[in-house]
Amino acid sequence: MPAKRILYFDGAELCARLSKRGRLQHEAAFRDEEESLAAFRRYVRSHRDSQFFLVADVADEGFQLEVLPHVRGADRAALLARRLEQHFHGTRYQAAIGLGRQEDGRKDERVLFTALTRPQALEPWLGILSAEKACIVGLFTPALTLPSLLRRLIRQREPCVVVCLGARRIRHTFTQGGELRFSRLTPLSAAMRSDPAPVCAKESERVYQYLEGQRMIPRGSLLPVLVLVHSAQRAGFEQHCRCTAELHYQLIDLESLAKRVGLRSPLSDSCAAPLLSHWVSRHKSMPQLAPAPLRRFHRYRQLRAAAAGIGATLLGASTVTAGALVREGIKLREGTQALELALAAETTRYAGLSEALPPLPLDREDLRALARRYESVEKDSPSPLDLFLPLGRALNRFPDVEIERIEWYASDESPAAHDGEPGTAAFARIHARLPAVVDLHRRGIFERLDAFKHSLNEQSLGVVLEHKPFDLDSARSLRGDTSGSGWTEAPQFVLRVSPRD
Amino acid sequence: MRKETFRHLWPAVLLLMLTVAGAVALVATSARFRATQEEAMESTRSGLSQLRTRLAGLRQDEQEIRNQMALVDRMRARGVIGNEDRLQWMEQLRRIKREHGLYDLEYEIPPQGILAQGAATPAAGRFRFYSSRMALRMDLLHEGDLLVLLAEFARSAHAHVRTTRCTIDRLPEMGHASAPAAQLRAECQLELITARHQAEERQ
């Protein structure tokens, strides 16, 4: 981190301080004289890597408050530049501070224009800094610094005046709602420096009258006055700065305030320069008056720092990401190794099982196909015995049934069965007859036939009567007599028998 | 001013570009490493999964293989696999006739053909099944003789014997014969099935 050096210029002398960890270390003081300027040049050259904060505590400071139409972008920049040039022609140390938009009407923007009206006083110092390519962070003034320094104290008070002292001056800064309106510097003579309290009271009255005259405060209103004072001088201020109907004084302990904002160096008097220097070095984003060309080395440094920051962030992020990816990769590799071990074990197991198998006489697929085909052939090979055995058992109970012909088929040879479906049921066609001495009644013959069929059913055979002993169909002829002389021919019939599922 | 700006900023910009390149390379390399490891793991996992599937199949197959090998052994032992042996079939018929005291029988075997198969019949791989149909005629004392002949021939012939049809007719009575006369006449159609490997056929 580059060192921070605050150059505090009070119009006559430039005081150089080093800010380090909340402590301010006085390094040198320079005047606008040839030798002193040369010493300043050497000083800057020897600390070229530092960041330089300029604070100009001078009386030549101008303020103009305006209400402008609200525009944006390049239009706004051009409008502000034009107005600055109109108000403060001849100085490049100027700034336009936006104070927000009005709440009613066109909602125009309120802008405070401020500038150092006597730039010549700063040229020697800024010239050296620029020639030595020093990194100028900004050109600040106490008026621009006080509002942020005392934000908590002054925001609630609207409006108020802040009084701060320097080595040879007293400054009254008027704020409204925490925003700067104007600032006025009163030099202190040598006699007044030891007891500035009466000057403070007198100048406060003048400021009140001015504000009243400018209608910046209502006539006869009570104006708070905050005075930053060292505890050693408090008694004197209490004596001279007494509250009136118009001015309400409040003494702010400078040491307490310094401690609150992190300034660790002790303060010996009411000079606010160390406090302002410390605050400026901590808060670079305050309004400032240095033009962009003067700040370009600071901008370069910021860009380099940003590039380094981006690079470091990118590198850090990529390292973290790469680390996570590599970690994942290593985990995956460990997982792969575990899987490989499992694979090796399973391969061994597979090889062992394969070896335990009997040697195949055939290719595996051939073996499977051959076996399956032969199984279907076996399944499709019924035996006549399957029907003949139960048929024989049934015939044993019907010795009067005479078999003339048995036709056995392995499968149904009807056209529907020509696709050779396996397992097609075998069947037998039995041509038989009953003897001629059987009871003459046709009904008796049928009863006998039914009994035989029933006997076959009991043997788990399905029976279909394909041809009856005689036809009783109404569509056919029927011949007979009632003599009861018996049949000259044995009644014949044909049965189709098949295994029952 | 632009030259001055370039002079002040180019080292930082160059360093930033190198850092970006380095960061990108670092992330890309580590991502590649991870991707490679992931691929290797997926490949190994896939191989392991396939092996386990094959292992499970092998265990299942083992019993099936044993059963199928036993079946094939039975087929070989019965002479179903290989060229058909018609001489052996004739010898078996004569033996059965002699041993069981059967009447003479007649047989006719046309040329061998391919065994018919339906749409649902399993394929036989590189084996081909052949069929020789045998027409058998014989006189019987009783139907039991036919059953004995068919059973014994099916057991001993070097082929798978399938009976496709049989017809048994009663013969007319011969009156007072000195010796027991045949009561029945049987006519049967048999299918003798064998199988051969296509490689053996080419030889």
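Predicted model: local features only at pLDDT ≥ 70, side-chain atom pairs only at ≥ 80, totals over all residues.

Residues are numbered from 1 along each chain as its sequence is written, chains are lettered from A and ligands numbered from 1 in the order written, and side-chain values use heavy atoms, with hydrogens and water left out.

Start with A:Asp60, which sits in the loop between strand S4 (51–56) and strand S5 (61–68) of chain A. Helices (H or I, at least four residues) and strands (E, at least two) are DSSP runs, numbered from the N terminus. A:Asp60 and A:Leu116 are 56 residues apart in sequence, yet 5.7 Å apart in space, C-alpha to C-alpha. The side chain of A:Asp60 also makes a polar contact with the side chain of A:Arg118, at 3.1 Å. A polar contact is a pair of N or O atoms within 3.5 Å; within protein, one must be able to donate a hydrogen and the other to accept it, and residues adjacent in sequence count only if both atoms are side-chain atoms.

Next, helix H3 (residues 123–131) of chain A. Which of its residues are buried? They are A:Trp125, A:Leu126, A:Ile128 and A:Leu129. These cover an arc of only 160 degrees around the axis, so they lie on the same side of H3(A). Buried means under 20% relative accessible area, with a 1.4 Å probe and protein chains only; the arc is that of the directions from the helix axis to the C-beta atoms. Just after H3(A), A:Lys133 takes a positive phi of about 55 degrees.

Now the cores. The largest nonpolar core has 60 residues, and those with the most contacts inside it include A:Leu126 and A:Leu129. Helix H7 (residues 197–213) of chain A gives the most to this core, with seven residues. A second, separate core of 52 residues includes A:Leu434 and B:Ile96. Such a core is a set of buried Ala, Val, Leu, Ile, Met, Phe, Trp, Tyr and Cys residues joined through side-chain atoms within 4.5 Å.

Last, the two chains. Helix H12 (residues 364–379) of chain A and helix H1 (residues 2–78) of chain B pack at an angle of about 65 degrees, with their axes 9 Å apart. Axes are lines fitted to C-alpha atoms, for helices over the stretch in contact, and angles run from 0 to 180 degrees between N-to-C directions. Among the residues that meet are A:Arg364 and A:Tyr374 in H12(A), and B:Asp61 and B:Arg78 in H1(B); contact means heavy atoms within 4.5 Å.

Technical notes: Buried < 20%, exposed > 50% of the residue type's maximum accessible area, 1.4 Å probe, protein only.
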